[in-house]
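Please look over the sequence and the model before reading on. The report below is meant for a reader who meets this structure for the first time.

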Amino acid sequence: MPLFQSFRNLPQKTRIGVGLAFLAWGAVGLYISDTAEKKLGFEPSQKDKEALEAVVPKITLVERDGES
């Protein structure tokens, strides 16, 4: 039985619990990764930030005549 079908066969409250657990897992992972970067010294330098800024595409909004 495919994984998605097994998930759909779970009771509704269980599926909600599994979904909330995945959201919590992601939030904890984001927090821990930022903290680990600082403790292990992997924070980007100013030079790294400038290099990243140079390759990020720029978006320019252009207004058309007669349209809002």
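The text that follows goes from the chain as a whole to a few of its residues.

This is a predicted model, and the secondary structure of its protein chain comes to 3 helices and 0 strands, which along the sequence gives the pattern α-α-α. The radius of gyration of the chain is 22 Å, well over the 11 Å that the globule rule gives for 68 residues, so the protein chain is more spread out than a compact globule. Along the principal axes, its C-alpha atoms fill a box of roughly 50 × 50 × 20 Å.

Of the 68 residues, 0% count as buried, and the protein chain exposes about 6,900 Å², with carbon and sulfur atoms supplying 63% of that area. As for charge, the chain carries 9 positive and 9 negative charges, whose mean positions are 15 Å apart.

| Residue | Location | Relative accessible area |
|---|---|---|
| Phe-4 | helix H1 (residues 3-8) | 59% |
| Phe-42 | loop between helix H2 (12-40) and helix H3 (46-55) | 60% |

Because exposed means over 50% relative accessible area, Phe-4 with its 59% counts as exposed, and Phe-42 with its 60% is exposed as well. Phe-42, for its part, is 31 residues from Pro-11 in sequence, and the two are 43 Å apart in space, taken from C-alpha to C-alpha.

Conventions. Residues numbered from 1 in each chain as written. Predicted model: local features only at pLDDT ≥ 70, side-chain atom pairs only at ≥ 80, totals over all residues. Heavy atoms only, no water. Helix = DSSP H or I, 4+ residues; strand = E, 2+ residues; numbered from the N terminus. Buried < 20%, exposed > 50% of the residue type's maximum accessible area, 1.4 Å probe, protein only. Rg over C-alpha atoms; globule rule 2.2 N^0.38 Å. Areas by Shrake-Rupley, 256 points an atom, 1.4 Å probe, with all protein chains shown as cover. Lys, Arg positive; Asp, Glu negative; His and termini not counted. Charge placed at Lys NZ, Arg CZ, Asp CG, Glu CD.
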